[in-house]
Amino acid sequence: MLAILIALVLWAAGLGLGRLIVYAAGWSFDGRLQQFVWQTAVGWVGISLIFFGLGLAGWLRPAPVWTLLGSLALVGSWVGFKLAPPIRRPRLWARAAAVLAAAGLIGLLALLALAPPIGAGMAWDGLMYHLPTIQTWVNQGRIAPIPSIPFSNYPMGFNLLFVPGLMAGWPEVAQLAHWSAGVLAMLATYLLARQLLPGEWSVLAGLSFWLLPLVRQEATWPMNDLGLLLYATLALLALARWQAEPVPGWLILAGIMTGFAASVKVTAVFPVIALSMLVLALSLKSYQKGWQPVWKTWLRFGVPLVLVSGLWYLKNWVQVGNPFFPFLFDYFGGDFWTAAANERFRLSQLGRGLQLPGWMRTAVLLGGVIYLGSLPRIPRLSLNWKMLLAYPALIGLSWLVTKSPQSRYLLPVYPVFLVIVWGMAGYGLRVLSFSVRPSWLYLFLLAGTILSIGQTIQTQPAELAVALGRTERQTYLARRFYMYPAYAFANSQLPPTSKLLIFPEDRTYYLNREYLWGDPISQGIIEYADYAAPVDFLADLQVRGVTHVVLSHPAFDFFINWESHNESLVDYMTAAHQLITDLASTEASLIFSENGVEIYALP
């Protein structure tokens with residue numbers, strides 16, 4: 001349970017630093033819940049930026065990290081005590097029961113968040129680069145390029161919150177940090193709904209957020225999608241508050257939240273575009289007063305956005321030569337990448353997600369433009385409702401024009417979707433003069449929560465056994481993650497100076513030896529087409545210091561099936577597989593074989 005304790009320290013530290021920042025900025029929030037949500041979210045931004053600075057300076061070490069977190073956690077604990085509602089004696093037992101029930105529910109949800117351990121093989125990207133990148137930076141004490149993990153050059157603003165857990169040897173903290181972002185996003189959804197809906201309906205919008213299958217699934221992965229959703233939702237909430245209270249602080253907060261969303265991951269481009277378009281539309285309302293109000297609006301929003309997010313892209317530009325690595329390679333170039341690798345990566349993104357015929361895509365885009373153009377002309381619709389209805393349309397249109405529209409990229413739309421759905425439900429019932437008691441709706445949500453928890457318990461008994469300590473994590477990993485026995489062998493039997501080429505598997509978090517990705521698609525260091533014979537390939541591997549090759553036949557079969565729609569990639573992967581197979585049979589010696597995974601020692 002040390003992982004839960006570290007996660008609580010992260011919450012307290014965020015709340016403490018957020019309180020200091022909010023006090024220094026002179027911002028004020030209505031109610032304890034608003035203070036808690038905003039101060040924690042702002043504090044996490046501050047912690048991430050501090051870790052970023054420590055990493056660039058080479059001081060990402062236990063002493064400064066834990067000193068910082070411990071000090072901020074003490075402040076945060078005091079702030080949390082101040083924000084907690086008072087317990088009055090006449091209602092002491094009722095409040096104590098409510099507190100115990102809430103603590104029990106939070107504990108159960110935390111247990112369920114820990115239940116699917118990261119080794120289950122479900123969080124592919126988590127084991128591929130989310131965890132290995134931060135773990136490597138922690139091990140070396142600095143943020144620097146990692147040639148063996150090309151995707152380590154993605155923005156990692158939210159992932160830096162994994163640092164304390166990985167530094168303490170508890171990767172489950174990464175799951176809990178992501179789960180915590182989901183909890184905070186649930187509260188942000190409620191606060192957004194409260195701007196537009198009656199009390200009970202806004203509560204329903206917030207609570208039902210957690211019942212969405214994709215949200216519950218994402219909350220158990222050590223990734224960052226819910227972090228993006230959280231900060232995009234808070235940015236939209238800040239814009240809604242700015243419309244209700246036109247003070248600069250809300251606009252600056254919207255810029256900070258949008259900027260941190262842009263530093264979470266590359267696909268933040270969708271909500272960032274949507275939020276920027278909303279600010280543009282809102283700023284043009286004041287055009288009749290001259291250009292000065294328009295420029296002030298954009299400066300108050302744009303400067304924080306650029307300052308918070310630009311650090312990551314500037315870091316990439318300095319370290320690898322491409323601020324958007326590996327994207328826009330044709331314009332910027334970039335280290336550890338080639339034109340051939342860029343073309344393969346581009347091809348691998350085609351044919352994914354929702355695929356529409358050209359005419360249908362054009363019709364949808366045209367319909368979206370017409371819809372957005374008609375929103376301002378709808379009478380008796382408040383500006384906040386118009387903004388809320390425009391936001392998912394802007395994200396959807398920008399998502400649709402990409403070559404790889406995957407449903408995960410639409411997560412930032414979910415809170416707004418819930419507010420709209422519950423708002424329509426409430427309006428429809430009022431039109432029908434049908435009265436619904438709030439208690440009925442809460443019972444419905446409680447039943448849904450119990451069913452979702454029961455489903456987790458029923459479908460993941462092995463994971464719960466690990467979370468409860470009834471099964472050793474290593475035993476579980478060996479059963480569920482087919483690469484784990486090979487990694488365990490390498491960690492225990494190969495010299496610490498060994499360097500392994502992993503082909504074509506790229507989930508390498510549990511490998512504690514230096515390695516190179518051999519994935520033919522996602523790396524630009526090894527070009528398999530450059531080798532005329534296995535002996536040439538061997539000579540190049542020896543120059544690179546590679547001592548062993550890990551060949552995963554199940555991963556090769558998976559990638560061939562995954563890319564079956566792209567003949568050129570299948571041909572390239574097949575040729576690369578044949579080259580490594582020939583190398584293994586003629587120049588190397590087999591030292592391990594299990595689950596279709598083989599390890600060969602090079603001469």
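This is a predicted model: local features need pLDDT of at least 70, side-chain atom pairs count only at pLDDT 80 or more; totals for chains, interfaces and linings use all residues.
The peptide bond leading from Phe325 into Pro326 is cis, with omega near 0°. The loop between H13 and H14 also holds Leu328, whose phi is near 55°, a positive value in a residue other than glycine. Most residues other than glycine have a negative phi, and most peptide bonds are trans. Leu328 is partly exposed, its relative accessible area being 41%.

Leu328 also belongs to a nonpolar patch on the surface, formed together with Leu314, Trp317, Val318, Phe324, Phe327, Tyr331 and Phe332, and the accessible area of these residues together is about 870 Å². Two elements give two or more residues to the patch, namely helix H13 (291-320) and helix H14 (329-332). H13 supplies the largest share, with 3 residues. From helix H14 comes Tyr331, which has a relative accessible area of 70% and therefore counts as exposed, the cut-off being over 50%.

A contrasting case is Arg241, found in helix H10 (residues 225-244). Its relative accessibility is 3%, so Arg241 falls under the 20% limit and counts as buried. Setting aside residues up to four places away in sequence, Arg241 touches Asp30, Gln34, Gln195 and Trp250.

Turning to the strands, an open sheet is built from 5 of them in the order S2-S1-S3-S5-S4, with mixed pairing. Strand S2 (514-517) and strand S4 (589-594) stand at the edges; each has a single partner strand, so one side of each is left without a neighbour in the sheet. On average, neighbouring strands of this sheet are turned by 20° against each other, direction ignored.

Both senses of pairing can be followed in detail. Strands of a sheet pair through backbone hydrogen bonds, either parallel or antiparallel. The parallel sense is seen between strand S1 (residues 499-503) and strand S3 (residues 548-552), which pair over 4 bridges. Within this pair, Phe503 has Leu551 of S3 as its bridge partner. Phe503 is also joined to Pro504 by a cis peptide bond, with omega of about -20°. Pro504 itself lies in the loop between S1 and S2.

The antiparallel sense is found between S4 and S5, which pair over 5 bridges. Here Ser589 has Ala601 of S5 as its bridge partner. S4 and S5 form a hairpin with 2 residues between them. Asn595 sits in the loop between these two strands, and its phi is near 60°, a positive value in a residue other than glycine. With a relative accessible area of 38%, Asn595 is partly exposed.

A helix accompanies the sheet as well. Helix H22 (residues 484-493) lies across S1, S4 and strand S5 (597-601), and it runs at about 135° to S4.

How values were computed:
Residues are numbered from 1 along each chain as its sequence is written. Side-chain values use heavy atoms; hydrogens and water are left out. Buried means under 20% relative accessible area, exposed over 50%, partly exposed in between (1.4 Å probe, protein chains only). Contact means heavy atoms within 4.5 Å. Patches are made of residues with over 30% relative accessible area and no salt bridge: like charges are joined within 9 Å, nonpolar side chains (Val, Leu, Ile, Met, Phe, Trp, Tyr) within 5 Å. Accessible areas come from the Shrake-Rupley method with a 1.4 Å probe; for residues, only the protein chains shown count as cover. A salt bridge is a side-chain nitrogen of Lys or Arg within 4 Å of a carboxyl oxygen of Asp or Glu. Two strands pair if DSSP finds at least two bridges between them. Axes are lines fitted to C-alpha atoms, for helices over the stretch in contact, and angles run from 0 to 180 degrees between N-to-C directions.
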